[in-house]
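Open the model in your viewer and keep the selection tool at hand.

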Amino acid sequence: AVLVESLLVFAVVLSVHAVVWDRFSWCALALALQAFYAQFKWDRLLQQGGAVFQFRGAANSGLLPASMVIPLLGVVMKERCRAAGIVYFERFGVVVASTGMLLALFLSVLAVGITKPVPTNTCILTGVAGSVIIYTMKHSLTVSEVIEVLEVLLIFVYLSMILLYLLPRCFTPGEALLVLGGVSFVLNQLIKRSLNVVEGRGDPIDFFLLVAVVGVVLLGLFFTVLFTFMDSGTWISSMFFHMMTAVLGLGVIMPWLYRLIQRNPLFWLLQFLFQTQTRLYLLVYWTFLAASACGVVFYQNAKRSSESKKHQASTITRKYFHFIVVATYVPGLIYDRQLLYVAAVLCLAVFVFLEYVRYFRIKPFGQTLRHLLSLFLDERDSGPLILTHIYLLLGMSLPVWLFPRSCAPKGTLPGAGALVPYSGVLAVGVGDTIASVFGSTMGEIKWPGTKKTFEGTMTAIFAQIIAVALILIFDSSVNLNSSYAWILASVSLVSLLEAYTTQIDNLLLPLYLQIMLMA
């Protein structure tokens, strides 16, 4: 299964660089080859318990698929922005690609360094790949860009040491690279933009995302340190939690956002949310869907109480939430993508805050949330945090957040790129959901080495093609320009990756589909 997963990742890398070939292509190929070898060293460390931190069990290290995401995103973003003539974001794509390569290389060097005896062949490959990457960076980046890449690496190292220690068994090495690498990059961007504020430059919704992500991470770190010295389950601790959340929100996050957008954040948000009648209708509709999702949770818990204390939600029941999320995102993508962007940021902040309440057992809802959400746990929630619903939200939202709006003058990219914001809907909302439902109910032929079925994968591909046809009918801004063969290949590769990967598919699949469609 690991070999097939690696072959699929290599197929994506080669497909992208067959279209986009430049000096970074050699770096990407060298990185993929050394990550393939280093992945087996991580797998052996995880099996022997020799890794420095406790990682999520029942999964391989996932180093290769995770290592290629950020570099490939940077490369395709660079090419799209170069074609549009936007130099600033072309350079930004170069920085993203270089940062992703350096973070992946660091994780590989870490595995090689703690493996005993030292693996000679992997050391040589890592050294060659590192030399190619550093040589290319030397001739591609300015001094300020090199400093920026090193700043992200430094933040990643410290953040990894802190969070992997505090949150054992929550991530595989690959998932840690994606999540913590992303947070490190966001934190560095926020610091950089805060120090270089130019009035009228930058979109307020981008600043809103940066501040929200960094704010909830800092909030979590603050309370984790605080509750190591006091019991978090008492009423006094709970009152202190709510009070300090308000203080940090109103006293730190709001002024920070005010400095960036040069206006009152609350007034701006209210004005933005209720700016048009369409937005009002969408907000009412989304409120109804959120109430429906809560209704599913309460109904399934009532069912558990009446049947058995050990009753767990089935795969099909968990996929109800995927259907609800698709019903949430599709109207937003068609009618108002900016509103969807901001609403997804707010939803992420609420999800993470509620997870803090559950994890720290904050009164009056902490224990109730623990009881309600325990029904929907699966083997991937082996650590102290429940992250699958947050990963689902991220998988649907990242293609919207990472869409290069400045490099798409008409609000959409030409050809298959027009489907980029729909990557989460297609890969997770449609593909993964249909594969799970049909595979678990009607699947008989299993893919070698996995529990996934041939029928589930084929049905997922077919369902995504139908979804693309429906998007063409209902979204007039999408014009594929006869790029149907590339879309079919992209959907097929990502669906096969879903069958073979043991990583969090809600996070990985949309990013790979976005990379293929942007290429």
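## Loop residues and helix packing

Start with R169, which sits in the loop between α6 (143–166) and α7 (173–195). The model is predicted. R169 has a phi near 65°, a positive value in a residue other than glycine. Its relative accessibility is 33%, so R169 counts as partly exposed.

Next select Q262, in the loop between α9 (235–261) and α10 (265–273). Q262 is not a glycine either, yet its phi is positive, at about 60°. With 38% relative accessibility, Q262 counts as partly exposed. Most residues other than glycine have a negative phi, and most peptide bonds are trans.

The peptide bond between K363 and P364 is cis, with omega about 5°. To find P364, go to the loop between α13 and α14 (366–374).

From there, show helix α13 (residues 337–359) together with helix α15 (residues 388–401): the axes are 10 Å apart and the packing angle is about 155°. Angles over 145 degrees count as roughly antiparallel, and α13 is therefore roughly antiparallel to α15. The crossing of α13 past α15 is left-handed. For the contact, select R337, L340, Y341, A344, V345, C347, L348, F351, V352 and E355 on α13, and H389, I390, L393, L394, S397, V400 and W401 on α15. Colouring by class gives 13 nonpolar, 2 polar and 2 charged residues in this contact.

Now move to helix α2 (residues 23–48) and helix α4 (residues 87–114), whose axes come within 9 Å and cross at roughly 30°. That angle makes α2 roughly parallel to α4. Here too the crossing is left-handed, as α2 passes α4. On α2 the contact residues are F24, C27, A28, L31, Q34, A35, A38, K41, W42 and L45; on α4 they are V94, S98, M101, A104, L105, L107, S108, L110, A111 and I114. The contact of α2 with α4 has 16 nonpolar, 3 polar and 1 charged residues.

Finish with helix α18 (residues 484–500). How far apart are its end C-alpha atoms? They are 25 Å apart, which agrees with the 24 Å that 17 residues should span at 1.5 Å a residue. Select the buried residues of α18: I487, S490, V491, S492, L493, V494, S495, L497, E498, A499 and Y500. Then display α1 (2–19), α16 (423–442), α17 (454–474) and α19 (505–518), against which the buried residues of α18 pack.

Terms used
Residues numbered from 1 in each chain as written. Predicted model: local features only at pLDDT ≥ 70, side-chain atom pairs only at ≥ 80, totals over all residues. Heavy atoms only, no water. Axes fitted to C-alpha atoms, helices over the stretch in contact; angles between N-to-C directions. Helix = DSSP H or I, 4+ residues; strand = E, 2+ residues; numbered from the N terminus. Parallel < 35°, antiparallel > 145°, perpendicular 65-115°, else oblique. Left-handed = near helix turned anticlockwise from the far one by under 90°. Contact = heavy atoms within 4.5 Å. Nonpolar A, V, L, I, M, F, W, Y, C, P; charged D, E, K, R; others polar. Expected span 1.5 Å × (residues − 1). Buried < 20%, exposed > 50% of the residue type's maximum accessible area, 1.4 Å probe, protein only.
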